[in-house]
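Please read the following report alongside the sequence and the model. It moves from the overall fold to helix packing and then to individual residues.

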Amino acid sequence: MTTTLTVTDVTLTYPDGGGRITALDRVGLRVDGGRIAAITGPSGSGKSSLLAVISTLQHPDSGRVLLETDSGSTDLATMSRREAAALRREEIGIVFQQPNLIAALTAVEQLEVMARLGQRLFVPGRVRRETHTRAMDLLDLVGLSGHEHKRPAQLSGGQRQRVDIARALMNDPSLLVIDEPTSALDTERGSAVIDLILRMADEHHAATLLVTHDRAHLHRMDSVYRMVDGVLTAEQDVKLAG
Ligand SMILES: Nc1ncnc2c1ncn2[C@@H]1O[C@H](COP(=O)(O)OP(=O)(O)O)[C@@H](O)[C@H]1O
Ligand SMILES: [Mg+2]
């Protein structure tokens, strides 16, 4: 299976008083399946805006966001809202800065809900059991066996972040988009979450974009980019250089 994400010349502006503010200025990057591109940069430089464009939540003013998978090639920058919603469900795993889990659901239910979104109203028992098994397996993978039936309030910050990552993998995405997953965690838990993301990219072969403040882990990434005032520059090709 091969996946490639290629971002070319993406520009995004937001209205700002009478004028417009340029959040992304002709941004380009490329990441292959199983690889992680890290993005660093000061607050307000456009990192989250780039992730929003790549995960189809925001249309850029111009440029291309090409996702090539075995099932074909799609420009995410120009999809309709309906196409984008379906594509997000099937191909894109999104992890935001703060895990946005549903308070009333247990860990395993958070994952099961992801699979349900794309299904019809009536789901045969066999499919429901498969969904349940996959959810349990993923929670095990992120080190949460024994915690499957806890609700978010009963989990620590690190555990909630791991539920969020497992949930993003539920539909076996070809693209994984992760925004500052360690910002609310202490060093040790943050480290464990980064370990997990590295393992997930490797085992699930998703092309992964990781926005992070945490410079300590950058040497483990496949490539590192830096965003300043909406301009993205390749910092180093870590693995090639090292
Ligand atoms: N929805 C929005 N409307 C208007 N301006 C926004 C919006 N989202 C972000 N911005 C502005 O775009 C710039 C980039 O923001 P953002 O992508 O959130 O940066 P970062 O994630 O690097 O902190 C900032 O100047 C921010 O204020
Ligand atoms: Mg941000």
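Contact, as the word is used in this report, means that heavy atoms lie within 4.5 Å.

## Overall fold

The model is a predicted one, and the protein in it has 7 helices and 10 strands. Because a compact globule with 242 residues would have a radius of gyration near 18 Å, the 18 Å found for the protein agrees with that expectation. The C-alpha atoms fill a box of roughly 50 × 40 × 40 Å when this is taken along the principal axes.

Of the 242 residues, 48% count as buried. Among contacts in the protein with a separation of 6 or more, 69% are accounted for by residues 24 or more positions apart.

The buried residues of H1 are Lys47, Ser49, Leu50, Leu51, Ala52, Val53 and Ile54. H1 is followed by Thr56, and the phi of Thr56 is positive, near 70°.

In helix H3, residues 107–117, the buried residues are Ala107, Val108, Gln110, Leu111, Glu112 and Ala115. These buried residues of H3 pack against helix H4 (125–141) and against H5.

## The packing of H5 and H6

Two packed helices are described by the angle between their axes and by the distance between the axes. For helix H5 (residues 157–168) and helix H6 (residues 187–204), the angle is about 15° and the axes are 10 Å apart. Because angles under 35 degrees count as roughly parallel, H5 is described as roughly parallel to H6. The crossing of H5 and H6 is right-handed.

On the H5 side, the contact is made by Gly158, Gln161, Arg162 and Ile165, while H6 contributes Arg189, Val193, Leu196, Ile197 and Met200. Sorted by class, the contact of H5 with H6 has 5 nonpolar, 2 polar and 2 charged residues.

Leu101 is placed in the loop between strand E6 (92–95) and H3. With a relative accessible area of 15%, Leu101 is buried, since the cut-off for that term is under 20%. If its neighbours within four places in sequence are left aside, Leu101 is in contact with Gln110, Pro152, Arg160, Val163, Asp164 and Arg167.

Leu101 and Thr182 are 81 residues apart in sequence, and their C-alpha atoms are 16 Å apart in space.

## Backbone angles at Arg26 and Glu180

Most residues other than glycine have a negative phi. Arg26, although not a glycine, has a positive phi of about 45°, and Glu180, likewise not a glycine, has a positive phi of about 40°.

Where do these two residues lie, in a strand or in a loop? Arg26 is found in strand E2, residues 19–32, and is exposed, with a relative accessible area of 58%. Glu180, by contrast, lies in the loop between strand E7 (175–179) and H6, and is buried, with a relative accessible area of 9%.

Terms used
Residues numbered from 1 in each chain as written. Chains lettered and ligands numbered in written order. Predicted model: local features only at pLDDT ≥ 70, side-chain atom pairs only at ≥ 80, totals over all residues. Heavy atoms only, no water. Axes fitted to C-alpha atoms, helices over the stretch in contact; angles between N-to-C directions. Helix = DSSP H or I, 4+ residues; strand = E, 2+ residues; numbered from the N terminus. Parallel < 35°, antiparallel > 145°, perpendicular 65-115°, else oblique. Left-handed = near helix turned anticlockwise from the far one by under 90°. Nonpolar A, V, L, I, M, F, W, Y, C, P; charged D, E, K, R; others polar. Buried < 20%, exposed > 50% of the residue type's maximum accessible area, 1.4 Å probe, protein only. Rg over C-alpha atoms; globule rule 2.2 N^0.38 Å.
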